[in-house]
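Me: I'd like a close look at the inside of this one, please. What is packed against what?

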Amino acid sequence: MSESLTNFLNWYRQTNPNKSQATYDAMKYNLSRICKLNDCEFADLNVETHLTNPEEIIKVIREKYSLNTSIQTILGIKFFLLFKGNNYSLIKNYETLLKQLTEENQKIIEKNELTEKERINWIDYPNLRERMAQVWDYGIAPSSLEMDFHIVRNITMVAMYVFLPPARIGNYSKMVLRYVKKHPIKVDTQTNSYPKKHNYLFLTEAGALCLVFNQYKTSKYVGQKCLTITPDMGSSPFGDMRFIYKILFIYIRRREAFFGNKKTQYKKINPLFFNIQTKKEIDGSHFTDILKETTSKYVGKTLSVNLFRHIFITNFLKKETDIHYKRMVAEFMGQTYTPTMLEKYNRVNIKENQLINGGEEVSATSSGAVLHFD
């Protein structure tokens, strides 16, 4: 990262001290997007040369990106102009256009309608799960030991958004892998080994896996979320967890084999999903590209994290689920959830602590996932 970009991000932190780490990261991606559109490095990004025509710039942004991403990118331009400390009339122009896009987005949200891009790439959630299960069972699993590592990595990344309620990119792009002797694992700011500055996938000697979300966009409001997956578990509120366990376990073993005879190096490379060339964390833009390219190849639909979330929630809200499960799923996805009075009056035709999943009733407390919520 260039010194000039570091200076901007430090300024942004100082002027917006109460934002989450995910918001700071998002601002970095906003600026990277602006530079990419102008085919320049951040140090060469110039107000007069690149940003003086808001209408034309927004037209280019809208042609290339979704409405949500466009809004975030323009927000990045606004803060860059504030950082430069000049041309407040230009900032006002961007703010006016930003307001228009935000209002447009709000109308779309309230209508609950598919956008044209969503309509083209839409696939119902049960079909998506079935398609990816077939890809794994008949395409990946039989030859996972011989297959190129990057293919197994890419399919595993997609699996995190198909066989679990889809969290955001940062939940997994910032996740590190740790080998531990036993579970439960204490993750707090007092422990040097497992500080809260990371998200974790823990693998115990007994073979249990534990996902821990500490750092993500809404962590300040939702808090730490954990999900333990064991090899002998059955169904859970999130579906049949044995499948995601199998995928993750094979991926971890392939990850180890990737480093060959480089003794224990696989324990020193922090990111769970890493850039194969640099061995470092996959940035948000690259992470999104991998998801889109992989789903396009194996599902025939180009799916972003945002579309994964729409597809999952659309299906989930059709189920007759109680407030407890809605809150559980929403918080795993990083969303706050406050039931309406109408929901509180509603009565669901299912047994206590159970939900409908694919037409079958499954217990949340059967030998399945153990969810810990602070």
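Reply: The protein chain has 17 helices and nine strands (DSSP runs numbered from the N terminus: H or I of at least four residues for helices, E of at least two for strands). It's a predicted model, with local features needing pLDDT of at least 70 and side-chain atom pairs pLDDT 80 or more, while totals for chains, interfaces and linings use all residues. Numbering runs from 1 along each chain as its sequence is written, and side-chain values use heavy atoms, without hydrogens or water.

Of the chain's 374 residues, 48% are buried (under 20% relative accessible area; exposed is over 50%, partly exposed in between, with a 1.4 Å probe and protein chains only). Take the contacts (heavy atoms within 4.5 Å) with a separation of 6 or more: 62% of them join residues 24 or more positions apart.

The largest nonpolar core holds 68 residues, and Leu164 and Tyr172 have the most contacts inside it (a core being buried Ala, Val, Leu, Ile, Met, Phe, Trp, Tyr and Cys joined through side-chain atoms within 4.5 Å). If you zoom in on Leu164 and ignore neighbours within four places in sequence, you'll find Ala159, Tyr172, Leu211, Leu227, Phe238, Met241, Ile244 and Phe332 in contact with it. Another core lies apart from that one: it has 31 residues, including Leu9, Tyr12, Tyr94 and Leu97.

The axes of H5 (residues 67–84) and H6 (residues 88–111) come within 10 Å and cross at roughly 160° (axes are lines fitted to C-alpha atoms, for helices over the stretch in contact, with angles from 0 to 180 degrees between N-to-C directions). That makes H5 roughly antiparallel to H6 (over 145 degrees; under 35 is roughly parallel, 65 to 115 roughly perpendicular and the rest oblique). On the H5 side you have Leu67, Asn68, Ile71, Ile74, Leu75, Ile77, Lys78, Leu81 and Leu82. They meet Tyr88, Leu90, Ile91, Tyr94, Glu95, Leu98, Leu101, Thr102, Glu104, Asn105 and Ile108 in H6.

Stay with Leu90 for a moment. This H6 residue is buried, with a relative accessible area of 5%. Besides Leu81, its contacts beyond four places in sequence are Val47, Leu51, Thr52 and Pro54. Asn53 is 37 residues away along the chain, yet its C-alpha is 8.7 Å from that of Leu90.

Further along, H8 (residues 125–140) packs on H12 (residues 241–258) at an angle of about 45°, the axes being 12 Å apart. That makes H8 oblique to H12. From H8 come Ala133, Trp136 and Asp137, which meet Phe243, Lys246, Ile247 and Ile250 of H12.

One last stop is Ile276, in the loop between H13 (265–268) and H14 (284–298). Past four places in sequence, it's in contact with Phe149, His150, Arg153 and Phe258. Arg153 sits 123 residues from Ile276 in sequence, but the two C-alpha atoms are 9.7 Å apart in space.
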